[in-house]
Amino acid sequence: MKKILYIDMDGVLADFNSAATIWLNNNPDAAHLYKGWEDHIHGIFRDLRPIEGALYSVNKLYDSGKYDMFIATAAPWSNPQSLSDKRYWIEKHFGDMFRRKIFTTHRSEEHTSELQSHSFISYAVFCLKKK
């Protein structure tokens, strides 16, 4: 039986923090509206840069055949476009690998921590850094 693997998107696969910083710097007149609420910026999730090594790592895990893999990600309630943008991002970078295998919620870390308490489910966060 394959182990179930839940992978977070923001900060694990996709570099949300860099995109938020760039957006705030490029939009100084509106920055005060979104400071601390960067996930409410419409369209911010659509074209995030992948975290270095993340796409390669996910593909290696997938190719191993050892895991039933899912994406678990949060989507802010007041930014409904984020749901479609995140799905678009995942499909752009992984094709059909996560087709019908994306969990969106308001707080992904709470739900995946709850799932992790079950012995048959493992949760992966692999923030890979270049050495």
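Let me start with the second largest pocket, which has a volume of about 160 Å³, and let me say at once that we are looking at a predicted model. Its lining is made up of L83, K86, R87, I90, E91, G95, F98, R99, R100, K101, I102 and T104. If we sort those residues by class, the lining of this pocket holds six charged residues, four nonpolar ones and two polar ones.

Which elements supply the lining of the second largest pocket with at least two residues each? These are helix α4, residues 81-94, and strand β3, residues 102-105, and of the lining as a whole α4 gives the most, with five residues.

From the pocket we can follow one of its lining residues, K86, to a partner in another element. The side chain of K86 makes a polar contact, at 2.6 Å, with the side chain of T73, and T73 belongs to strand β2, which covers residues 67-74. Is T73 buried or exposed? Its relative accessibility is 1%, and because the cut-off for buried is under 20%, T73 counts as buried.

Let me now turn to the aromatic residues, for which a search of the whole structure finds seven pairs. One of them joins F70 and F103, whose ring centres are 5.5 Å apart and whose planes stand at 55 degrees, so this pair is classed as tilted. Since F70 lies in strand β2 and F103 in strand β3, the pair ties together parts that are 33 residues apart in sequence. The two partners can also be described by their accessibility: F70, at 13%, counts as buried, whereas F103, at 42%, counts as partly exposed.

A further pair is formed by F94 and F98, with ring centres 5.4 Å apart and planes at 85 degrees, so here the arrangement is edge-to-face.

Elsewhere, the charged end of R46 sits over the ring of Y88, 3.7 Å from the ring centre.

Notes. Residues numbered from 1 in each chain as written. Predicted model: local features only at pLDDT ≥ 70, side-chain atom pairs only at ≥ 80, totals over all residues. Heavy atoms only, no water. 1 Å grid on protein atoms, 1.4 Å probe; cavity = no way out; pocket = protein on both sides within 12 Å on 5 of 7 lines; lining within 4 Å. Points joined across faces, edges and corners; volume = space filled by probe spheres on them. Helix = DSSP H or I, 4+ residues; strand = E, 2+ residues; numbered from the N terminus. Nonpolar A, V, L, I, M, F, W, Y, C, P; charged D, E, K, R; others polar. Buried < 20%, exposed > 50% of the residue type's maximum accessible area, 1.4 Å probe, protein only. Polar contact = N/O pair within 3.5 Å; in protein donor to acceptor, adjacent residues only side chain to side chain. Phe/Tyr/Trp six-rings, centres within 6.5 Å; stacked < 30°, edge-to-face > 60°. Lys NZ or Arg CZ within 6 Å of the ring centre and 35° of its normal.
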